[in-house]
Every structure is written in structure tokens, then in C-alpha cells.
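Take a look at the fold below.

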Amino acid sequence: MFRDLFARIKEGILHKDPNVALVSLSILCNFFMSCTKVFFGIYLGSGWLLINALYVVLLGFLRFYTLKSYVHAKTIEDNEQKYIFGYSVHRFGGSLIFAVAGTYLLCSLRMFFVGDAVVIGVRFAYCLLLFTLIKFGFALYGMIITRHKENLIIRLMKVIGIVDVTISIVPTSYALMSLYCFKYSVDVSSILGMA
């Protein structure tokens, strides 16, 4: 199953369409990011990092679903059918993003009131920073290459990219602030997560 999934992602990275290649690279980045968060979440005993890894996995699956839908929509020749299909993908993806955001809000509220007393090490903090910068670059480049295309599925891809970056900023800011022993790192990170 995973071998087939990685074969599809590799095929997508080598695809001629820049949208397919970019989203495939983002899915691969999400996979490595979630593995890293799971490892350090278990190692440091941080439930918040484990929950954050779950969000990254959910966004990765949503990206994969959107990517498959985008490739399928390109094969539909009838414009009306293409619009109906794109609208259903956009509606489903939007409701899933809304559900993920609501759950993330609850997780951030829990962190604000309960806290997470884990100090994150230098390697993991800079690893998170690297992944966040890569995701930011992917999201920005994706917006630039699709600025003239108006398609509901492409719009959903842009929104997922923005959500992915914003969700990555929260643990990165927490890691860097806790690394430098900032007194209010938990409070600031949970407020960023709520925002």
C-alpha cells in the first residue's frame, strides 16, 4: 500500500504539470514532517506534538485527494461536468479544512489552559524551521504559478497550502521560543494556534 502510494507521489513529482509536481513534493514533505513530529513527540513525551503530527497527516491525505481529483478533472471534457466535479471536491475539501481548523482550535485552547512543559532541542527546532520554510516556499510558488488559473480545485490547493504553512508556524514558533527559554512560549504558541 505505502509502496504504491510512494510510486504515485514519485510519478507526480516527475509530472510535466507544475501543480502536480509541487503538490506531490508537498505531500512528501508532509510525510517527513509528520514522522519527525511523531518521533520527537514520543521521545519528549509531548502529546501536543503528536496531535500536531496528526494534523499534518490529515492535511497530507487531503492534499493527495485533491491531487487525484485535479488529475481526474483534467480528463473530463465537458465543462459543465468539470465544474460540478470541481465544486464537489472544493466543498468536501473546504468542510474537511473547517473541521481540522475547529479541532486545532480546541487543541490550542487545551494547550493554553493546560500547557505543554516540553523544552524542544536544537536539532528538532531547526528541523521544524527548515520544514516550515520549505512549505512556505511551496505555498508561495504554488500561488505564483497558478495566479492566472481560476479553477475550484486549484483554489482548494492554494487554501490547503496556506493552512499547511500556518499550522507549521505554530510548532516552529513554540520550538524556537522554548529553545531560547522564552517565558511565555506556551501562551504565545497557543494563541497563534487559535488564530
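Predicted model: local features only at pLDDT ≥ 70, side-chain atom pairs only at ≥ 80, totals over all residues.

Residues are numbered from 1 along each chain as its sequence is written, and side-chain values use heavy atoms, with hydrogens and water left out.

Start with the whole chain. The protein has 7 helices and 0 strands. Helices (H or I, at least four residues) and strands (E, at least two) are DSSP runs, numbered from the N terminus. Read from the N terminus, the elements run α-α-α-α-α-α-α. Of the 195 residues in the protein, 44% are buried. Buried means under 20% relative accessible area, exposed means over 50%, and partly exposed lies in between, with a 1.4 Å probe and protein chains only.

Now take helix α2, residues 18-44. Does its length fit its residue count or depart from it? At 1.5 Å a residue, its 27 residues should span 39 Å, and the end C-alpha atoms are 38 Å apart, which agrees. The expected span is 1.5 Å times one less than the number of residues in the helix. Just after α2 comes Gly 45, with a positive phi of about 70°.

Next is helix α3, residues 47-73. Two packed helices are described by the angle between their axes and the distance between the axes. How do α2 and α3 pack? Their angle is about 165°, and their axes are 8 Å apart. Axes are lines fitted to C-alpha atoms, for helices over the stretch in contact, and angles run from 0 to 180 degrees between N-to-C directions. The angle makes α2 roughly antiparallel to α3. The cut-offs are under 35 degrees for roughly parallel, over 145 for roughly antiparallel and 65 to 115 for roughly perpendicular, with the rest oblique. The residues of this contact divide into 18 nonpolar, 8 polar and 2 charged. Here Ala, Val, Leu, Ile, Met, Phe, Trp, Tyr, Cys and Pro count as nonpolar, Asp, Glu, Lys and Arg as charged, and the others, Gly among them, as polar. The crossing of α2 past α3 is left-handed. A crossing is left-handed if the near helix is turned anticlockwise from the far one by less than a right angle, and right-handed if clockwise.

Helix α2 also meets helix α5, residues 122-145. Their axes come within 10 Å and cross at roughly 160°. That makes α2 roughly antiparallel to α5. This crossing is left-handed. The 24 residues of α5 should span 34 Å at 1.5 Å a residue; the end C-alpha atoms are 35 Å apart, which agrees. Which residues of α5 are buried? They are Phe 124, Ala 125, Leu 128, Phe 131, Thr 132, Lys 135, Ala 139 and Gly 142. An α-helix has 3.6 residues a turn, so residues three or four places apart point the same way.

Ile 51 and Cys 107 are 56 residues apart in sequence, and their C-alpha atoms are 8.0 Å apart in space. Is Thr 66 buried or exposed? At 1% relative accessibility, Thr 66 counts as buried. A polar atom of the Thr 66 side chain lies 2.7 Å from the backbone oxygen of Leu 62.

Helix α4, residues 79-114, holds Lys 82. Lys 82 is partly exposed, at 29% relative accessible area. Lys 82 and Leu 152 are 70 residues apart in sequence and 10.0 Å apart in space, C-alpha to C-alpha. Val 89 also lies in α4. Val 89 counts as buried, at 1% relative accessibility. Its C-alpha atom is separated by 9.0 Å from that of Tyr 70, 19 residues apart along the chain.

Finish in helix α6, residues 152-179, with Leu 176. Leu 176 is partly exposed, with a relative accessible area of 22%. The C-alpha atoms of Leu 176 and Tyr 126 are separated by 7.9 Å, and the two residues are 50 residues apart along the chain.

Notes
Polar contact = N/O pair within 3.5 Å; in protein donor to acceptor, adjacent residues only side chain to side chain.
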